[in-house]
Amino acid sequence: MSAVQHSTRVGIIGGGPAGLMLSHLLSCAGIENLVVEARDRDTIHHTHRAGILEAGSVAMLRDTGVDGRIDTLGDEHSGIDLRFGGESHLLDFRERVDATVTLYAQNEVFLDLSLARERDGGEVYYEATVSELFDVTSARPGFAFTDKEGARHEVRADLIVGADGSRSFTRRWIPEAERTNYTMEYPFAWFGILTEAPKSSPELIYARSDRGFALISQRSETVQRMYFQCSPETSAEDWSEERIWDELQARVAGPDGLELKTGPIFDKTVLPFRSFVRAPLRHGNLFLAGDAGHTVPPTGAKGLNLAFADVKVLFEAIDSWNGAGSRALLDAYSDTALKRVWKAQHFSYWMTSMLHTRADATPFEHARTLGELESVVSSEHGKRYLAEAYTGWPHA
Ligand SMILES: Cc1cc2nc3c(=O)[nH]c(=O)nc-3n(C[C@H](O)[C@H](O)[C@H](O)COP(=O)(O)OP(=O)(O)OC[C@H]3O[C@@H](n4cnc5c(N)ncnc54)[C@H](O)[C@@H]3O)c2cc1C
């Protein structure tokens, strides 16, 4: 049976935040594009992932006409609570850098973007998997995908964008001789829960204790997201609700008597993580965006935000090439995007190493890390750096 043929200007592989946001921006600028996404909409909408959006990411949703739901459902936060030695240190972002972050679950971001693509007549194929790329260095590269009925399709475009996430298939098309992988593995993972409980604190709590790290964050008035550091070999099934609450409570315990508000747990996951960068983010007319090009440990809440930041740079480059015919910004895409990626890698690594405990840490290393935390909370410059990095540097 012959393949269904498609012709477009930009072919996008992956319908996560990076792929759908790029598709939305391109369509707003009148640039024809097509998205192919392996999973079905319901599965993506019910997968719990990121939740903390930088001000620049919020602006991308709000100012480009995606939807106004973030204004009603998003929960704006102007600081975090950095807790160690059982004591809380409130770090006010607005006071330091006049910026905030917004808690708005990735599920909602996906829903907004997928509905906006549908509303605007976007060409998005769900349950369709890309299995092959061709001629990526030519003027008309392409890829093949199989749709949910098993039919083969072939897409030809001027540019191909690999936005297919951390297990990216498209990044293999950057030849080995021309690419570098930068990787950092961590000897721990996060145990994440969703619980039907009231908020335990008005702000997110980033807690370091002798037992390890814990993050107390919020989803809504009635649903909360919490994590604690665990071994990557941990099985979520081995942990009863009672044991999970005891562990979380022990990690935030202190003389101020902070008590977590508990409730039924309806989602448990163990999330291993690593730092990874594939450079360059481009080969010929193939461009990587989002997790396909880099992943960060979740401690700095940068993954989704970096995906949006890549898309902003890439969209402006494509728009300039489409309008003025100049490839200068496309040629600069990888270097421009990677500058922010490495700043975010550093921030995520720094937050992770400062807040987590390692089984092999010497007493010196343990005490030094507490000194590091003390240096941050007792210094205007330290607090300002953390506030600036957490709320996000201005988009390029
Ligand atoms: C538990 C958890 C918590 C997190 N918390 C935060 C946070 O607080 N803040 C933050 O900024 N980030 C966070 N992140 C990271 C964030 O979720 C990711 O960085 C973000 O999803 C990246 O978006 P993306 O579009 O690049 O990739 P993805 O969201 O992974 O989307 C890629 C898409 O490509 C599709 N795909 C893959 N292969 C193919 C193929 N061959 N053909 C077609 N489609 C394909 C996949 O199905 C997927 O839908 C968290 C991640 C996890 C797992």
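A salt bridge here is a side-chain nitrogen of Lys or Arg within 4 Å of a carboxyl oxygen of Asp or Glu. By that cut-off, the structure holds 29 salt bridges. This is a predicted model, where local features need pLDDT of at least 70 and side-chain atom pairs count only at pLDDT 80 or more, while totals for chains, interfaces and linings use all residues. Residues are numbered from 1 along each chain as its sequence is written, and side-chain values use heavy atoms, with hydrogens and water left out.

**Exercise 1.** Find the partner of Arg 62 and say how accessible the two residues are.

Step 1: Arg 62 pairs with Asp 71, with the closest N and O atoms 2.8 Å apart.
Step 2: Grab the accessibility classes: buried is under 20% relative accessible area, exposed is over 50%, and partly exposed is in between (1.4 Å probe, protein chains only).
Step 3: Arg 62 comes out at 43%, so it's partly exposed. Asp 71, at 45%, is partly exposed too.

**Exercise 2.** Classify both ends of the Asp 360 and Arg 358 salt bridge.

Step 1: The closest N and O atoms are 3.3 Å apart.
Step 2: Asp 360 is exposed at 57%, whereas Arg 358 is partly exposed at 43%.
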